[in-house]
Amino acid sequence: SGSCDPYCVVKVDNEVVARTATVWKSLNPFWGEEYTLLLPRGFHSLAVYVLDEDTIGQDDIIGKVSLSHQQISAEPRGVDSWLSLAPVNPDQEVQGEIHLELRVPERGHPRVLRCHLIQARDLAARDPSGTSDPFARVSCCGHTSETAVIKKTRFPHWDEVLELELPEGELGEAVLSVEVWDWDIVGKNDFLGWVEFPLNTLCLGPTRGWFQLLPFPSTTKDHGGQLGALRLAVRLVEDTVLPPHHYRPLIQLLTEPIFCPGQPPEGTALAVLEEVTSGESRQDVATKLVKIFLGQGLAVPLLDYLTTRELARTTDPNTLFRSSSLASKSMEQFMKVVGLPYLHEVLKPVVNRIFEEKKYVELDPGKMELSRGRRISFEGSLSEVQVRESSLELLKGYLGDIVNAIMGSVDKCPLPMRVAFKQLRRQVEERFPLAQHEEVRYFSISGFLFLRFFALAVLTPKLFRLREQHAEPRTSRTLLLLAK
């Protein structure tokens, strides 16, 4: 069809940790999905594979982007850019660990490297049976030796000692290479991974432990974006979590303006935090503040404090809460945490119906595909006027159902949200008391409740967990027009 159905799989050290939804019939997919992964301190790499979902047969791998631990940790603000997809080479797709004990005598004639290959675990499956026939090969200074082959397993136990004679004199930059292969009776053996050890470090004493198997150094040339590119934002954050009592002074400092409202607001920790928070970190700060204050049962007073400060800075009511301020971001996060079950109850029936009906809706004459419109007669395609009228009728029907569902859900709206909006309305009335500003009290609430809550969920149901998958292009266009 000249298109594909792409999705992404995220792997950490070759273990699948996340999968995006599939974007149907698109060569330019947008996912917009965010994952928070708890990673082991010693992880080696993070890779994102882009695949094409096939209804029949195995999904096709389009390409991948791989980032090492060093690459990610070298960017304190994170990696955020377009990265070209690289082809997937089977020799690069390794996994598992090998258990070794290595000894090099300090002196002796001849000097013999003693390599005890104990076992391996979680090797890649290279055979149709879902297993492999692994053996290990040890190489150093021109000498090579191999273990026995263990049939049909990904967890071989060799317990063999291989000895290699070392040359006289200084070992210099010589290295010991331990490779693991899958033995095949027909054709060439399949690579399962390797690990290297400089001999000068082995001479310092015995080395024993589990070692991560690595791919062969990549010889793949840059394909210059021929496979496409992936826009990726990755940030590594190392958090140290202490017992709860260590955080009490911080919580007392943050909640001080709530419990002691009489002091000058400019001197409070919240005010200082608001002033020094940059635009790029405002979402993170708002998320953490809302969580902290929800845990203390003080989320609504926090919003009161932040919106009061925002109102004091606003002179034109038409610009109220239009910026990405800490008050706006905190209200958004508060609604997501407190109101998500409510949102599902209100919108899910209508959103599900839109996905199931897959009606053709378009109002822009420049984007109309008249041959795809719903046929009224057998005389030919619909006219531009007919498509517009049909689209308006469908959109009004969907919108009417959504508005009726919202209006009928007042009693189901979470109490904290209702209290927060009641307080917001009161604050806006006090700040803009003139009759000419009477509608501002309503706009201030609808700006959050509709523009940043209901409309956003209609636009991107997957991101609000209303649907498991993203909408295909026709449904996505309907949702966009409906949200507008």
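**Entry 1: Asp 190.** I began with the surroundings of Asp 190, which, leaving aside neighbours within four places in sequence, is in contact with Arg 126, Trp 181, Asp 182 and Asp 184. Contact here means heavy atoms within 4.5 Å. Before going on, I noted that this is a predicted model, where local features need pLDDT of at least 70 and side-chain atom pairs count only at pLDDT 80 or more, while totals for chains, interfaces and linings use all residues. I also noted that residues are numbered from 1 along each chain as its sequence is written, and that side-chain values use heavy atoms, with hydrogens and water left out.

The scale I used calls a residue buried under 20% relative accessible area, exposed over 50% and partly exposed in between, with a 1.4 Å probe and protein chains only. I then looked up Phe 453, 263 residues away from Asp 190 along the chain, and the two C-alpha atoms are separated by 52 Å.

**Entry 2: the sheet around Asp 190.** Asp 190 is found in strand S12. Strands (E, at least two residues) and helices (H or I, at least four) are DSSP runs, numbered from the N terminus. I traced an open sheet of 4 strands in the order S9-S8-S11-S12, with antiparallel pairing. Its edge strands are S9 (143-146) and S12 (190-198), each of which pairs on one side only. From one strand to the next, the twist averages 20 degrees. For such angles, axes are lines fitted to C-alpha atoms, for helices over the stretch in contact, and angles run from 0 to 180 degrees between N-to-C directions.

I went through the pairs next; two strands pair if DSSP finds at least two bridges between them.

- S11 (residues 175-182) pairs with S12 over 8 bridges, and Val 180 has Gly 193 in S12 as its bridge partner.
- S8 pairs with S11 over 6 bridges, with Val 180 in S11 as the bridge partner of Ala 136.

S8 and S9 form a hairpin with 2 residues between them, and Cys 141 in the turn has a positive phi of about 50 degrees. Why do I call S8 (residues 134-140) largely enclosed by the rest of the structure? I do so because 6 of its 7 residues are buried.

**Entry 3: another sheet.** I also followed an open antiparallel sheet of 4 strands in the order S10-S7-S6-S13. S10 (157-165) and S13 (207-212) are its edge strands. S7 (residues 112-121) and S10 run antiparallel and are joined by 7 bridges; Val 112 stands opposite Glu 165 in S10.

**Entry 4: Ser 325.** I moved on to the loop between helix H6 (299-313) and helix H7 (326-357), where Ser 325 is found. Ser 325 counts as buried because its relative accessibility is 8%. Not counting residues up to four places away in sequence, Ser 325 touches Arg 282 and Glu 310. With the side chain of Glu 310, the side chain of Ser 325 makes a polar contact at 3.2 Å. A polar contact is a pair of N or O atoms within 3.5 Å; within protein, one must be able to donate a hydrogen and the other to accept it, and residues adjacent in sequence count only if both atoms are side-chain atoms.
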